[in-house]
Amino acid sequence: MKKRLTISAMAKMKQEGNPISVITAYDYPSAKLAEEAAIDVILVGDSLGNVVLGYDTTIPVTIDDIVYHSRAVARAATNTFIVADMPFMTYGISKEHTLINAAKIMQEGHVQALKLEGGIEITEHVKALVGAGIPVMGHIGLTPQAVHQLSGYKVQGKLEGEAKKLLDDAIALQEAGAFAIVIELVTEQIATIISQKLHIPTIGIGAGRSCDGQVLVYHDILQYSSPNYAKKFVKTYANLGEIIRNAIGEYVTDVKSGQFPQEEHSFQSPNHNIDNLYGNQDK
Ligand code: KIV
């Protein structure tokens, strides 16, 4: 049976050049299928705001949303390492506030680690969490919670000074005790340098071929009614949206035309029960 990874096993995977596979999941069936497919890590990302809850950004996602979805994932993926996002402004205000919120997600969400967006500016919070025994995954580059500050979902690392800042952020997170760092929408060259300089694994999304692992959003790779599947960095592995739409369309047609249900879908009563019933009605 598949065994849940540990953070030291992930560090070893980096040393041995064994790529780490990560996918998001937000509910019982998606997590179950991901575990059955031998995924290394499941991320209960705040991308659930976009792909499950229909928000434009991840900003409205709450701790309760993350806890609710994490619990379902944890019930399904009992042998997979699960990371949950700390949502917008649930960290970074004060260390006490960060710790209280982190404790809620860990205790009620039943996950093994937390992910926080940001670099040098959040390292004190990362240190506090790691000091409290909580494994922390960093997240740099395009950090969706800061989408308005970044003026949109743009590739990072192209402008003068951006590359140095990304590297400084990654090193600061590593020094603060992060066990891995997601690098999102960063040029392949910069992600390569960061991955080479760090001893902790980097997990890329739209960050090229050299990261120590890759993460993609479940609904994106399956074209499962996702607003994001047309993105350059997403590879489509199945078109579930089309399969599901066609299947529901056929069901609608069958119901309207009387093709469903058939005798095989129906339950029958013994004859004497029916006779009694007709008898009652006649009285
Ligand atoms: O929320 C999320 O799904 C993420 C991934 C895109 C890395 O942060």
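**Briefing: a protein model with a bound ligand**

The protein has 11 helices and 8 strands, and the model shown here is a predicted one. Taken along the principal axes, the box that its C-alpha atoms fill is roughly 85 × 40 × 40 Å. The points below turn to the protein as a whole and then to the ligand with the residues around it.

**The protein as a whole**

- Of the 283 residues in the protein, 48% are buried.
- When contacts between residues at least 6 apart in sequence are considered, 57% of them join residues that are at least 24 apart.

**The residues around the ligand**

**Polar atoms beside the ligand, and its cover**

- Ser-47 places a polar side-chain atom 2.5 Å from an oxygen atom of the ligand.
- In the side chain of Lys-115, an N or O atom lies 2.8 Å from an oxygen atom of the ligand, while for the side chain of Asp-85 the distance from an N or O atom to an oxygen atom of the ligand is 3.1 Å.
- On its own the ligand has 260 Å² of accessible area, and the protein covers 96% of that area.

Definitions and conventions: Residues are numbered from 1 along each chain as its sequence is written. This is a predicted model: local features need pLDDT of at least 70, side-chain atom pairs count only at pLDDT 80 or more; totals for chains, interfaces and linings use all residues. Side-chain values use heavy atoms; hydrogens and water are left out. A polar contact is a pair of N or O atoms within 3.5 Å; within protein, one must be able to donate a hydrogen and the other to accept it, and residues adjacent in sequence count only if both atoms are side-chain atoms. Accessible areas come from the Shrake-Rupley method with a 1.4 Å probe; for residues, only the protein chains shown count as cover. Helices (H or I, at least four residues) and strands (E, at least two) are DSSP runs, numbered from the N terminus. Buried means under 20% relative accessible area, exposed over 50%, partly exposed in between (1.4 Å probe, protein chains only). Contact means heavy atoms within 4.5 Å.
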